[in-house]
Amino acid sequence: MSGLLTRIIQMEKEVCESSSLPNELLYGRAGYLYTLLLLQTELGETIISKQSIINVAVSIVKFGHQLSGQLKSRCPLMYSWYNEYYTGAAHGHAGIIYLLLKVVCKYPELNIDSLLIPTIDYLVGLQFPSGNFPSSFESGERDRLVHWCHGAPGFVNMLVAAYQKYKNENYKQAAMACGDVVWKRGLLRKGYGICHGVAGNAYTFLSLYKLSKDKKHLHRACQFALWCCDYGRHGCRTPDRPYSLFEGMAGTAYFLYDILCPAASKFPAFEV
């Protein structure tokens, strides 16, 4: 076993117990949970145990339920990132709940439905008539950002996973509404990347295509891909890290490769 793999496995206790560690995807427990799920898929349960994954999922639920109680929130699971209560995939609920759903689907004995379902229902209740979602619980009526990190594109995976698990048509309808708002407002001046760019938004359509097999969504993904192929010609700003996975060219290239086989596509470092 490599030194890096050993180090990742040994992080479990600290990840589960540290009260200072955030729960979000990019820098927190949900990101560690994704890592374990990915490694287990590639290396098997003899390397990454079922119990390790369940332990991390339980800790995410525990800290979320504790914060909800402290805030006296109507949402059963609450999470913060730098004292903001984000809803999106990168730093908020959509990314965290999506990964918890993947664990519940894999290990049904993890009985957290009584907290997951009302949390998902609460989030669905935040959806704007446009199909978009607020970037945080504090953003109120501002229907502004249509990014994977903040907005409808980051909710689609959670909604699709929730529909596949619980067969609630409201979740499917909410996911389809996300697709419509991304089609209308998803070409961004911020650039081509996957975090807050056009390639990331296009994964919305690939997720909906995999769910429904409706070629409308594949057509939309292809149109966004064509836009990305004119890289640098749309007056978009240059990212701070122009070659990186989330902000830059690497993520765009990954999406363009994924669209060649849409049924097997997966948003990198997120979708499992």
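A: A contact here means heavy atoms within 4.5 Å. With that in hand, among contacts in the protein between residues at least 6 apart in sequence, 62% join residues at least 24 apart. Please keep in mind that this is a predicted model, where local features need pLDDT of at least 70, side-chain atom pairs count only at pLDDT 80 or more, and totals for chains, interfaces and linings use all residues. Residues are numbered from 1 along each chain as its sequence is written, and side-chain values use heavy atoms, with hydrogens and water left out.

The setting comes next. The protein has 11 helices and zero strands, where helices (H or I, at least four residues) and strands (E, at least two) are DSSP runs, numbered from the N terminus. Of its 272 residues, 55% count as buried; buried means under 20% relative accessible area, exposed over 50%, and partly exposed in between (1.4 Å probe, protein chains only).

Now to the cysteines. A disulfide is a covalent bond between the sulfur atoms of two cysteines. The cut-off used here is a pair of cysteine sulfur atoms within 2.5 Å, and the structure holds zero disulfides.

Take Cys178: its closest cysteine sulfur belongs to Cys149 and lies 14 Å away, so the two are too far apart for a bond. Cys178 has 0% relative accessibility and therefore counts as buried. For Cys222, the closest cysteine sulfur is in Cys229, 10 Å away, which is also too far for a bond. Cys222 counts as partly exposed because its relative accessibility is 33%.
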